[in-house]
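I opened the notebook today to go through one model and write down what I looked up, entry by entry.

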Amino acid sequence: MRTPRRRLIAGLLLTPLLTGCFASSGDDSSSPGSSDGARLRVALAFAPTENYSPFGQDAMLLSRLGVSEGLTKLDANGTAVPALAELWSSESGGKSWVFTLREAKFQDGEAVTAKAVAAALTAVGKADPVPSAISGVKLTAEAVGKNQVRVDTAEADPVLPLRLSNPALAVFAPKAYRKNGTVNVVGTATGPFELTKITGDTAATLDRYDDYWGGRSQASGIDAKFVSDGTARANALRTGDVDIAESLPVAQVASLDKGHEVNTARNTSLYLNTKSGAFTDAGLRAAAREAIDTSVIAKSAYEGYAVPAQGLYGPALPWAAGKRTEPTGRAKPTDPKGKSITIATYTDRPEMPEVAQILQQQLQKAGFKVKLEVRTYAHLEGDMMAGKFDAVVYGRNMMLDTGDPVTVLASDYTCDGSNNLSFLCDKNVDKLVAAAQTQSDTAKRQDAALKAEAAILGTDAVIPLVHLKLVTGIAKSVQGALLDPYERSLIGMGTRR
């Protein structure tokens with residue numbers, strides 16, 4: 001059985017380096033459990049939209065709060081490292097992987113066994129819709145003895161350990177999984193903090209899980225609030241009502257003197273609906289692209305906490321620099337002639353409405369008639385996924401799903417993609433993404449991703465606007481908050497006040 005480190009050296013797992021590091025916000029040198037710290041008060045930007053289902057976007061909330069974990073996790077460089085699994089190796093030419101589990105307990109006191117893990121992964125594979133990290137992957141899992149799990153895929157999958165790091169593939173106790181397909185995540189996960197009380201979509205209470213396999217966390221618990229208004233999050237930090245405020249509005253950062261920033265692989269982009277409405281016309285999509293000045297958005301809406309987009313893969317991913325090819329096959333712009341369009345966005349990320357307003361002005365100047373639809377994300381998601389708007393201003397971390405540069409292309413831009421906000425269905429794009437998915441060599445996989453990127457941009461189905469920095473508000477009394485370029489972590493074992 002090979003260790004993850006040896007397998008990484010062999011080049012079977014991808015390591016897409018990020019500038020900056022997975023950093024702590026302050027001194028985190030003392031060992032976990034060395035003291036009983038106070039409870040942490042946290043304001044999060046996004047409320048749960050699916051009753052904390054671990055199969056969708058709510059999985060990220062559970063991960064950031066230290067509730068859930070899977071077989072693997074990502075380190076700062078996008079490498080898969082041990083979590084519930086200590087070791088893994090591939091068999092059958094990459095179609096089968098065997099994971100050796102560490103000794104751990106679920107928060108209900110039951111042991112984490114191979115049978116329980118296999119059942120959890122089987123439940124993920126049956127989810128509808130399937131999590132984007134395994135979109136298009138036919139995954140099966142079975143126990144091999146008490147502490148090993150074999151995970152098989154229909155086709156060789158060189159990045160399976162990266163996929164399994166996604167929070168949507170977290171493992172919960174057997175009793176969590178109900179016959180109707182839902183999952184009760186209260187007191188059934190394996191992380192250092194146990195979700196004990198849910199107050200609708202406004203708040204959650206978490207207590208330290210003392211039997212966590214990694215030791216006792218320094219904070220005794222977490223009181224989380226979901227506050228969609230960015231100014232309200234900043235004010236709560238300013239007045240001392242919370243200790244950590246996620247995703248600060250850039251306009252508030254200078255006055256707070258509590259902002260901590262990290263480069264991310266997150267973009268803000270304009271997704272154009274290619275299935276219905278005005279932007280089924282490739283010429284009008286090209287006209288929209290030509291009308292947009294991304295430098296104005298970076299300067300005005302983000303006040304220097306973003307840079308104009310270079311493509312889908314930004315400067316936080318240095319491997320993309322110098323390799324990117326120009327999009328080909330773009331349509332020629334056509335005159336909008338007063339064509340009416342509706343652009344939707346959400347308030348949970350506070351710069352989004354301003355971005356939409358700038359786009360409205362630029363596109364109206366180019367000859368479009370533009371209406372804006374601005375809501376909280378929870379009230380926008382359903383209509384957005386149903387294609388009820390001509391365009392959507394949306395933030396996307398290109399490495400969020402797996403840490404692999406190809407996975408997000410499959411979920412966001414292919415005919416069967418589970419997060420395809422542009423409703424793009426292009427045979428050439430699908431072909432190039434499929435080719436990229438077969439590459440196991442890191443450099444070749446990155447090169448193939450950039451070829452697919454050029455084809456996607458050539459359709460003008462998405463217009464990348466800016467590459468972002470993440471700004472988290474952290475009180476001076478807090479140490480050890482996690483500044484994660486992948487946006488999966490926020491509270492760790494050493495986070496305390």
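**Disulfide and its surroundings**

I looked up Cys425 to begin with, and at 56% relative accessibility it counts as exposed, in what I note here is a predicted model. Its partner is Cys415, and I found the two sulfur atoms 2.0 Å apart in a disulfide. I read the link of Cys415 and Cys425 as right-handed, with 95° about the S-S bond. Both cysteines sit in the loop between helix H11 (407-413) and helix H12 (427-437), 10 residues apart.

**Helix H7**

How many of the 10 residues of H7 are buried? I counted eight for this helix, which spans residues 282-291 and is mostly covered. Among the buried ones I listed Gly283, Leu284, Arg285 and Arg289. I then asked what covers them, and the answer includes strand E13 (259-272), helix H9 (352-365) and strand E18 (462-474). At the start of H7, I found a side-chain oxygen of Asp281 within 2.8 Å of the backbone nitrogen of Gly283.

**Nonpolar core**

For the largest nonpolar core I recorded 152 residues, and those with the most contacts inside it are Leu270, Ile297, Tyr313 and Leu409. As a background note, nonpolar side chains tend to be buried together in soluble globular proteins.

Terms used. Residues are numbered from 1 along each chain as its sequence is written. This is a predicted model: local features need pLDDT of at least 70, side-chain atom pairs count only at pLDDT 80 or more; totals for chains, interfaces and linings use all residues. Side-chain values use heavy atoms; hydrogens and water are left out. Buried means under 20% relative accessible area, exposed over 50%, partly exposed in between (1.4 Å probe, protein chains only). Helices (H or I, at least four residues) and strands (E, at least two) are DSSP runs, numbered from the N terminus. Contact means heavy atoms within 4.5 Å. A polar contact is a pair of N or O atoms within 3.5 Å; within protein, one must be able to donate a hydrogen and the other to accept it, and residues adjacent in sequence count only if both atoms are side-chain atoms. A nonpolar core is a set of buried Ala, Val, Leu, Ile, Met, Phe, Trp, Tyr and Cys residues joined through side-chain atoms within 4.5 Å. A disulfide is a pair of cysteine sulfur atoms within 2.5 Å.
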